[in-house]
Amino acid sequence: MDEDQAARQRSEEEGLERGEETAGEGQPSRAWDNRVEWDQQDLLMGLSGRESREAAGPEEAAEPEPEPGVPGGRSGEGRAGWEPAGPGGGERAAPEGGVAAGLEGGRGGEGRGEQDQSDGEGPAGESRSRSEARQQAGSQGAPGSGTLRGGYWEGSRERHRERKVKRRAKRTKQVESKYRLEKKPNLPQERRQAETQKNVVLKGETSEACPCWLSEQRRRPPTIQISLSPKPRRQSQWSSLCHTSVSVINELAQMGDPDVLEMVQEEERISNREAEYIFGMNEQSLSSRETSFLISEEPASAKRYNLFLKRRLLFKKDEQSKDSIFFRDGIRQIDFVLSYVDDLKKEADPKAERRKEFEQNLRKTGLELEIEDKRNSEDGKTYFVKIHAPWEVLVTYAEVLGIKMPIKESDIPLPENIPFSCMLEPLKLPKNVKHPHPEYFTAQFTRHRQELFLIEDKSSFFPSSSRNRIVYYILSRCPFGVEDGKKKFGIERLLTSNTYSSAYPLHDGQYWKPSEPPNPVNERYTLCQNWARFSYFYKEQPLDLIRDYYGEKIGMYFVFLGFYTEMLSFAAVVGLACFIYGLLSMDNNSSSTEICDPKIGGQIIMCPLCDLVCDYWRLNTTCLASKISHLFDNESTVFFAIFMGIWVTLFLEFWKQRQARMEYEWDLVDFEEEQQQLQLRPEFEAMCKHRKINAVTKEMEPYMPLYSRLPWYFLSGATVTLWMALVIACMVAVIVYRLSVFATFASFMESEASFKHVKSFLTPQITTSLSGSCLNFIVILILNFFYEKISAWITKMEIPRTYQEYESSLTLKMFLFQFVNFYSSCFYVAFFKGKFVGYPGKYTYLFNVWRSEECDPGGCLIELTTQLTIIMTGKQIFGNIKEAIYPMVLNWWRRRKARTNSEKLYSRWEQDHDLETFGSLGLFYEYLETVIQFGFVTLFVASFPLAPLLALLNNIIEIRVDAWKLTTQYRRPVAAKAHSIGVWQDILYGMAVLSVATNAFIVAFTSDIIPRLVYYYAYSKDATAPMKGYVNDSLSTFLIADFPNHTAPWEKRDFTTCRYRDYRYPPDHDQKYFHNMQYWHVLAAKMTFIIVMEHVVFLVKFLLAWMIPDVPKDVLERIKREKLMTIKILHDFELNKLKENLRANSSELAKEVLIQENKTQLAKSTV
């Protein structure tokens, strides 16, 4: 290759000599006409040779040191910017298409600026002497100014400029008809001024060292340069002085030139052909074909990374770490990954065009991309596009998003230790995990005040969550084409159309081991060790680390879940105490004692519980059920119901304070709603046919009239109503099951002798209740599964305008349905069962077929407890198993299906690609699950004091399950900001108010406490044992002869009366079977209790809400202190900056005054 270059160079020099001779004789020279073609051929041959060496590996690609005196030495060839190659070297320029061509300099001395040969022997010496002659002529103006040669010089230059303008206009017209360009944001004004001053100084200092170059700069228009080879190891001082590092493709990209991508792709195709020819489609060389496109605005970055250098610092696949989160150069960190698979269908070409333009526009915004070929992936089908955000992009969009960054370490002292905090030491995490960073005063980042912020290392200044949030912000707004006259943009639309299969940020590394250098600290491993371990269930959560890794929105969910769990511990202790009280007082309960007494309960004959097939039964058969009922239905029930009404208020008020504290600590005080949530949904834009001016932005945007949405709103409302009716129908079906099965159980257990031993504790009532509750739970899960799909589809059909509207609409539908689905059976047992039964001889019938259900003689509270326990416990167990097992099985199957080539590298982005997607609605379902559990704990807690304890145990497991699945089984979610739990807080307030009413009604109508109190104070006849005779008083008498023929049992009995639970007159009374006066007394007592309890609880709630401030006093003081210090720091910064400017201006003024004085003195001295 060196011999070919030397021969080509000698022929070129001979051509130049002939051109000069003919020009001197008055003949037109063709040397300048062919000059561009010679440079193009030379450049392409040099590019192919260099890329072939680079494809062979880093060792073989190293350039040999140039030997002095060798004409073919090209050590300085292709350096970015103007590079005079010594006193006779030719400048390297790219007049058109990004192709380097030296139009004015001689080729003989090209690239030999570092040799500084002092002798002129041989061809190199001749070339140098000719170059020096041309330099001298160039320093005086045009070559041969005023001669025939000078005329041809100017004519050739003019013809070349005309051809360049015509070609560029033609190419621009062709490309602009195909692509729609975006204007590149301007450089900061300060940076432009600094660069301009630097260039002026450089020109001033080098005007004497390189006069030819300066004269050429004055005569010719500015030309864009291209760098096609690595920077040489040695560079002469004179050459480096005249050198400016500006890449042609970088410059073209900044100007929005549409030919940048085509230029680099053409260069890539040439290098690929050379690499295939030399290495024979070797897999190692193929893995490094993709070009790394970088766009930077600072020359310093260009020097550091050598921009647009293809396959720089190539790593061999077998040597590269599989956990690397960097580009192949090992320097630039991967902030986001896109993946796609080649589509063989008809849509393949449009998708490829969309991807091409989308990636091109991403590069124009400043993002840097690196593509992994599908032959390097495990499945051999998937392409991966790795994205890196350079410093310039981060600082620009950090200012746009209003991200707050530290400016000074906080001087506010930490709160003093809580008393007895030493007892809580086992529950605490290490300080470096709980608080990984010190407290800082923060301010919104501004790129023009970078000196103000505590920037120690630019690569780690922005946390990874902020980096991927910035990149996603760009991805969600980047356009990818115009379809049907509408501009299309956003990664979400590309994911919806399967143009890309996935888009996700990378995890820091493996979760089971720490990262190795040069990777940064593996926060994923730290979270897994200190948060996602089930053995740490008693430990606090590393909330700051969660926020840094996953963002504020996910962090706020775990703050809420942790705080809710802490508050549940108090309710669980009180509920457990109430349960223990019932357990200890069970033997002293007079009601269950009388029921179990053979002389009392054994002598009471009860009326049949169903028609025809059911027989009469004795009251003492419900002995065990009455004792169990006393565990939950005792004097402590009223106390616990009132306590839970107050606890709900305290929980919500203290949560406000905790939320305010987190807003301060996480810099969310002045937070505004995320713009992503207010962004138009792609589906909305696609369906809109109308446009109108936005009142705020004054821009045209898609608009959908109300009449276009009304049909979908009606369909949505009808669908939700239909599914709610379906839930009610299923509940009625379960009731019918209980009614029909009860008679079967009763007759079967009476006839079978084998059930004699279990009849004491497994009565027909308990058997029916248990089986009905389990069946109801299964129906709930089935309906919930299908409704989730239906509700998501209906919400999409409504075509919500923004993502926030979509989430709000889905929240309303899902909560209403799940509220009815999970709570309807509990409401039925608590408020309807046994309340409208009638009496023997005149029972009420469901659909005139099935007789209404009756409560147990001890009341319906035990059945409500059974129903609540089965549904609540079953839902929690099923939910945790689903959350843990489902993603793990899916990931295992995906990895097993994908890893077909075990010898290939299973890279970091492929490992994350095979994980399950958390999704934008992942937190929605987590909040929904927690709110439904909150309803079980508050709405029906009077019937089951152990509900807070079960919820506490579930939440302890739930926190670790959620942490484990997020850390190990899911891709890393895109970080998002949130200052609160959103609409769920309003739902919690509504449920808190409703819980006061439901618990009051449960105590009054479902529990037996009010009838016992009425008997105790109004109807008791024994002062020593006030509750003696209560069971007999609560049962009414019915004459068996009054039974209709179709309801009486078949077998005749020798007794004449039976008892039933109600307050009615006996058969021998004038108003027989009508409600007696005691019934009205009990009803009045129940209504009085409801009114009194509700007013007392609501009064306490309002007093507590008024007394407890929403923002704690110490947090208010901290916020005020931080605002004051921030303003002071900003003021001092601006003041110092102003002083420096004034000082600089005053020094310049002093210099001018001194010069004028010297001139004056000099003039006087001469006179």
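Trainee: What makes Asn1076 the cap at the N-terminal end of helix 36?

Mentor: In this predicted model, a side-chain oxygen of Asn1076 lies 3.3 Å from the backbone nitrogen of Gln1078. A polar contact needs N or O atoms within 3.5 Å, so the pair qualifies.

Trainee: How do you know that the span of helix 36 is close to the expected one?

Mentor: Helix 36 covers residues 1077–1107, 31 residues in all, and its first and last C-alpha atoms are 45 Å apart. At 1.5 Å a residue, 45 Å is expected.

Trainee: Which residues of helix 36 are buried, and what do they pack against?

Mentor: Among them are Val1082, Lys1086, Phe1089, Ile1090, Met1093 and Val1097. The buried residues pack against helix 23, helix 33, helix 34 and helix 35.

Trainee: Why is Asp329 called buried?

Mentor: Its relative accessibility is 4%, and buried means under 20%, so Asp329 counts as buried. Asp329 sits in the loop between helix 11 and strand 1.

Trainee: What does the side chain of Asp329 reach?

Mentor: The Asp329 side chain reaches the backbone nitrogen of Ile331 at 2.9 Å, and makes a polar contact with the side chain of Arg332 at 2.4 Å. Both distances fall within 3.5 Å.

Trainee: How is the crossing of helix 28 and helix 31 described?

Mentor: Their axes come within 11 Å and cross at roughly 40°, and the crossing is right-handed. By class, the contact has 13 nonpolar, three polar and no charged residues. Phe815 and Phe819 are among those from helix 28, while Leu928 and Ile932 are among those from helix 31.

Conventions: Residues numbered from 1 in each chain as written. Predicted model: local features only at pLDDT ≥ 70, side-chain atom pairs only at ≥ 80, totals over all residues. Heavy atoms only, no water. Helix = DSSP H or I, 4+ residues; strand = E, 2+ residues; numbered from the N terminus. Buried < 20%, exposed > 50% of the residue type's maximum accessible area, 1.4 Å probe, protein only. Polar contact = N/O pair within 3.5 Å; in protein donor to acceptor, adjacent residues only side chain to side chain. Expected span 1.5 Å × (residues − 1). Contact = heavy atoms within 4.5 Å. Axes fitted to C-alpha atoms, helices over the stretch in contact; angles between N-to-C directions. Left-handed = near helix turned anticlockwise from the far one by under 90°. Nonpolar A, V, L, I, M, F, W, Y, C, P; charged D, E, K, R; others polar.
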